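This briefing is meant for a reader who is meeting the structure for the first time. Please keep the sequence and the 3D view at hand while reading the points below.

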Amino acid sequence: MDQFLQHLVNAMVLGGAYALLGIGLTLIFGIMNVVNFTHGALYTFGAYAMYLASTALGMNFFLALPFAIVAGLALGALLELTLLRPLRGADIDTTMLVMIGAGIILQSGTLWIFGGVAKAIPSPFPDAPLQFAGVSISWLRLFVLLAAAALIALAYAMINGTRLGRAMRATFQDADTAALMGVNVRLIYTATFALGSSFAAAAGALLGPVYVVFPQMGDLAAVKAFAIVILGGLGSIAGATIGGFVLALAEEFGAGYVSSGYRDAMGFLIIIAVLLMKPTGLFARAERVG
Amino acid sequence: MLEIRDLECGYGPVAALKGISLDVGEGELVALIGANGAGKSTTLRTISGLVKPRAGTIRFRREDIAGADPARILSLGIAHCPEGRRVFPYMSVADNLAMGAYLRKDPIQVREDYDRVYSDFPRLAERRHQSAGTLSGGEQQMLAIGRALMSRPKLVMFDEPSLGLAPTIVEQTLRIIKAIRDGGATVLLVEQNAFAALELCDHAYLIETGRVVKRGLGPELIADPHVREAYLGG
């Protein structure tokens with residue numbers, strides 16, 4: 001029973017970060033119809049921004065996190081303005097190849113600048129974990145869970161409660177009519193990509209201190225993000241949130257009760273199972289983006 | 001108020017408008033009639049900036065707006081109520097109306113306009129929290145009209161407002177459009193139901209294959225043998 005609760009707690013921590021990763025990807029796909037192959041690289045970027053800020057730049061851990069998120073936002077905006085905006089209306093294959101190329105450049109750039117050796121991000125929390133009802137959770141992981149929950153709540157509030165969020169939903173549902181309402185659709189695309197990127201960076205910045213940071217860390221994260229989004233239904237933020245937690249539960253319990261070697265295979269198993277049984281995703285409903 | 005001269009545009013190599021000229025005076029209700037694919041909708045889409053013209057001018061209150069951004073054109077006072085209603089299906093009625101007021105920076109007057117739309121269309125008030133996609137066709141049309149009015153337009157363009165609606169709702173919709181004109185706005189109406197449009201309008205243009213082939217007062221076009229034969233069923 002204790003072991004069960006422990007896995008559940010671990011899954012919640014992981015699930016929060018996965019949900020962020022999935023929300024970022026699904027937002028970009030839902031509104032822009034772009035399959036973002038740089039998502040993994042942005043996850044890595046967020047982790048390295050966190051590393052750089054809390055080591056070389058000497059920032060406080062709690063300041064380094066927003067720094068990494070804003071850096072992801074800026075890189076996302078830059079990618080959208082330089083690559084996606086000129087390619088708007090181009091063939092989907094062209095866009096995909098360019099995004100794959102951009103992802104490779106980002107990853108190789110990271111390898112070039114920081115080297116291939118994994119780095120640790122110093123944590124400001126005490127090493128002794130918090131013990132409660134036979135379950136132990138490190139302060140760092142507790143913080144990761146709370147920060148992820150806060151960011152998810154912020155995403156919901158932004159999409160459902162602000163003028164920008166309303167314009168994003170309108171653009172997703174009918175871009176032409178949104179333009180007739182005076183929405184600057186191109187600006188919405190830039191904002192969406194920047195926001196989606198910042199969510200990937202946030203996931204990297206949160207999980208970076210829990211594990212270690214290395215240039216290829218985004219590869220597996222990207223696959224997991226796709227698994228989450230396929231699970232939740234493309235374009236569904238609620239689906240991505242639930243999908244993130246479902247994947248984390250599957251990984252934790254798969255590793256705990258089946259075989260720890262299959263932990264990372266869970267994402268692939270989920271993709272295959274969902275595509276076989278319900279190709280539109282488990283939570284695909286009429287309601288999307290919001 | 002609106003002056004269009006020799007407007008040309010096309011989708012790829014296909015020319016959709018081959019030199020349209022038309023005038024809409026302040027306070028008038030002007031109708032564009034013609035068959036499917038004649039270029040009526042494209043004319044409206046070009047005026048509102050969704051389609052960029054290849055040649056020609058569009059002047060609105062003496063300002064050239066040909067090729068301008070939709071947001072700029074809307075902010076000058078032209079609202080476009082698109083064909084097929086095009087409400088945002090997964091947004092609530094209230095959010096759809098909020099989108100109509102997207103560019104406005106006067107929250108107090110916007111609030112008054114919500115109340116006016118709700119009192120003009122009580123069905124929308126009852127369903128303000130419901131997704132627009134769950135409304136009936138007639139209710140969606142009311143919402144599309146209300147949404148267009150939320151920008152406080154000087155000129156409202158309606159594209160096929162009666163399409164796909166039950167006959168009683170069509171009548172109601174056309175009465176609302178007339179009331180909007182009587183309330184002081186100028187109206188440009190595209191309508192396949194040529195007889196209803198000609199009865200309602202001050203003057204009208206008949207468009208065929210991207211060109212204006214006839215213009216005149218409503219009764220003149222109703223009496224015209226070509227119009228009678230081709231559009232009014234003989």
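The model is predicted, and the values given here were computed from it.

**Chain A: fold and dimensions**

- Chain A contains eleven helices and two strands, and when these elements are read along the sequence they follow the order α-α-α-α-β-β-α-α-α-α-α-α-α.
- The radius of gyration of chain A is 19 Å, which agrees with the value near 19 Å that a compact globule of 290 residues would have.
- Taken along the principal axes, the C-alpha atoms of chain A fill a box of roughly 60 × 45 × 35 Å.
- Buried residues make up 52% of the 290 residues of chain A.
- When contacts in chain A between residues at least 6 apart in sequence are considered, 78% of them join residues at least 24 apart.

**Chain A: surface and charge**

**Chain B: fold and dimensions**

- Chain B has ten helices and ten strands. With a radius of gyration of 17 Å, close to the 17 Å that the globule rule gives for 234 residues, chain B is as compact as a globular protein of that length.
- Along its principal axes, the C-alpha trace of chain B spans about 45 × 40 × 35 Å.
- In chain B, 54% of the 234 residues count as buried.
- Of the contacts in chain B between residues at least 6 apart in sequence, 65% join residues at least 24 apart.

**Chain B: surface and charge**

- Chain B exposes about 10000 Å², of which carbon and sulfur atoms supply 49%.
- There are 29 positive and 29 negative side chains in chain B, and the centres of the two sets lie 4 Å apart.

**Where the two chains meet**

- The size of an interface is often given as the accessible area lost when the parts come together.
- Between them, chain A and chain B bury about 2000 Å², with 60% of that area on carbon and sulfur atoms. On the side of chain A, the residues that lose the most area to chain B are Gln173(A), Leu180(A) and Met181(A), which together account for 34% of what that side buries.
- In terms of residues, 17 of chain A are in contact with 21 of chain B.

**Two residues of chain A**

- Leu65(A) belongs to helix H3, which covers residues 61–87 of chain A, and because its relative accessible area is 9%, under the 20% cut-off, Leu65(A) counts as buried.
- Leaving aside residues up to four places away in sequence, Leu65(A) touches Met50(A), Phe143(A), Ala147(A), Ala205(A) and Leu206(A).
- Ile105(A) is 40 residues from Leu65(A) along the chain, and the C-alpha atoms of the two are separated by 24 Å.
- Thr190(A) is found in helix H8, residues 185–210 of chain A, and with a relative accessibility of 9% Thr190(A) is likewise counted as buried.
- The residues that Thr190(A) touches, not counting those up to four places away in sequence, are Ala77(A), Glu80(A), Leu81(A) and Arg85(A).

Technical notes
Residues numbered from 1 in each chain as written. Chains lettered and ligands numbered in written order. Predicted model: local features only at pLDDT ≥ 70, side-chain atom pairs only at ≥ 80, totals over all residues. Heavy atoms only, no water. Helix = DSSP H or I, 4+ residues; strand = E, 2+ residues; numbered from the N terminus. Rg over C-alpha atoms; globule rule 2.2 N^0.38 Å. Buried < 20%, exposed > 50% of the residue type's maximum accessible area, 1.4 Å probe, protein only. Contact = heavy atoms within 4.5 Å. Areas by Shrake-Rupley, 256 points an atom, 1.4 Å probe, with all protein chains shown as cover. Lys, Arg positive; Asp, Glu negative; His and termini not counted. Charge placed at Lys NZ, Arg CZ, Asp CG, Glu CD. Buried area = accessible area lost by both parts, 1.4 Å probe.
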